[in-house]
Amino acid sequence: MLEPSIIKDEEIELLIQDVDKLYGYDFSQYSRASFKRRINRLCLIDRFLSFAELRYKLLNDKEYFKRFIEEITVNVTEMFRDPLFFKMLREKILPQLGTYPLIRIWLAGCSTGEEAYSMAILLKEANLYDKSLIYGTDINPSVLEYAREGVFPLQHMKQYSENYIISGGKEDFSEYYTAHYNSVKFDKSLQEKLVLSTHNLVSDSSFNSFQLIICRNVLIYFEKDLQEHVFRLFDESLENLGYLALGSKETIRFSTLEKMYHQIEDQKIWKKIEHH
């Protein structure tokens, strides 16, 4: 049995350099503890007996690298996750966004798309969907393929439906999807205003201006300097008086941009104060 301690810190550094040089993915600012945990998990699942075996596979098998990215990047999500956050969006933020002629929303680190479909439902119910664009981005192309399909396990629907109701949803949630055996397919209309594409928060630049940026539970895996880099990227991408929403363990406090944002109540939503 492979023991987690088998991978040394210097080997992790070597792997990070390899992946950056060969594939252009820079993990150097990711939290080391989290990164190391995932590497160990990957070695266990794929039965590598040594670090050298994993490294050889990565350096010589481009197909395997796709799998590596899937395992190393975190894809834990659900529809209307943290329902009170979505309730806040529904009741406080969307009425403000409704005053714009076109609403642009960026979901950074959107994973398999549950949050994007949740957002589409919120906008539909607020009668704002037709004048909205939702950009869902992720570093991992495989999860975006999954998001494009809009097919999710039937067994998750009970939980998603409960989340939806707590978030203030008044419709019958099952109206939004069609069940087929063990899975459900979400309504095509929920994809009409959804643009899904790869984007790397570490190396890619801003690609539009937005009134709302949602990036939840991504920054907890980044070291402080990289968090700061991402906050600057979001700040460049956010219009004056726009909103930035983060995960429950994330904050813009202690960032150099803190003074430019005002926190809304106790939710993890910040409003950008007008500045030039």
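**Exercise 1.** Determine in which sense strand 1 and strand 7 (residues 210-215) pair, and over how many bridges.

*Solution.* Strand 7 pairs with strand 1 in the parallel sense, over three bridges, where pairing requires that DSSP finds at least two bridges between the strands, and strands (E, at least two residues) and helices (H or I, at least four) are DSSP runs numbered from the N terminus. In this pairing Ile-213 of strand 7 stands opposite Trp-106. The model is a predicted one, in which local features need pLDDT of at least 70 and side-chain atom pairs count only at pLDDT 80 or more, while totals for chains, interfaces and linings use all residues. Residues are numbered from 1 along each chain as its sequence is written, and side-chain values use heavy atoms, with hydrogens and water left out.

**Exercise 2.** Identify how strand 1 is joined to strand 2 (residues 132-138), and trace the chain between them.

*Solution.* The two strands run parallel and are joined by six bridges, with Trp-106 opposite Tyr-135 in strand 2. From strand 1 the chain passes through helix 6 (residues 114-125) to strand 2, a β-α-β crossover that is right-handed, meaning that, with the strands pointing away from the viewer, the path from the first strand over the helix to the second runs clockwise.

**Exercise 3.** Decide which residues of strand 1 (residues 103-108) are buried on each face.

*Solution.* In a regular strand the side chains alternate between the two faces of the sheet. On one side Ile-103, Ile-105 and Leu-107 are buried, and on the other Arg-104, Trp-106 and Ala-108, buried meaning under 20% relative accessible area (1.4 Å probe, protein chains only).

Methods
Buried < 20%, exposed > 50% of the residue type's maximum accessible area, 1.4 Å probe, protein only.
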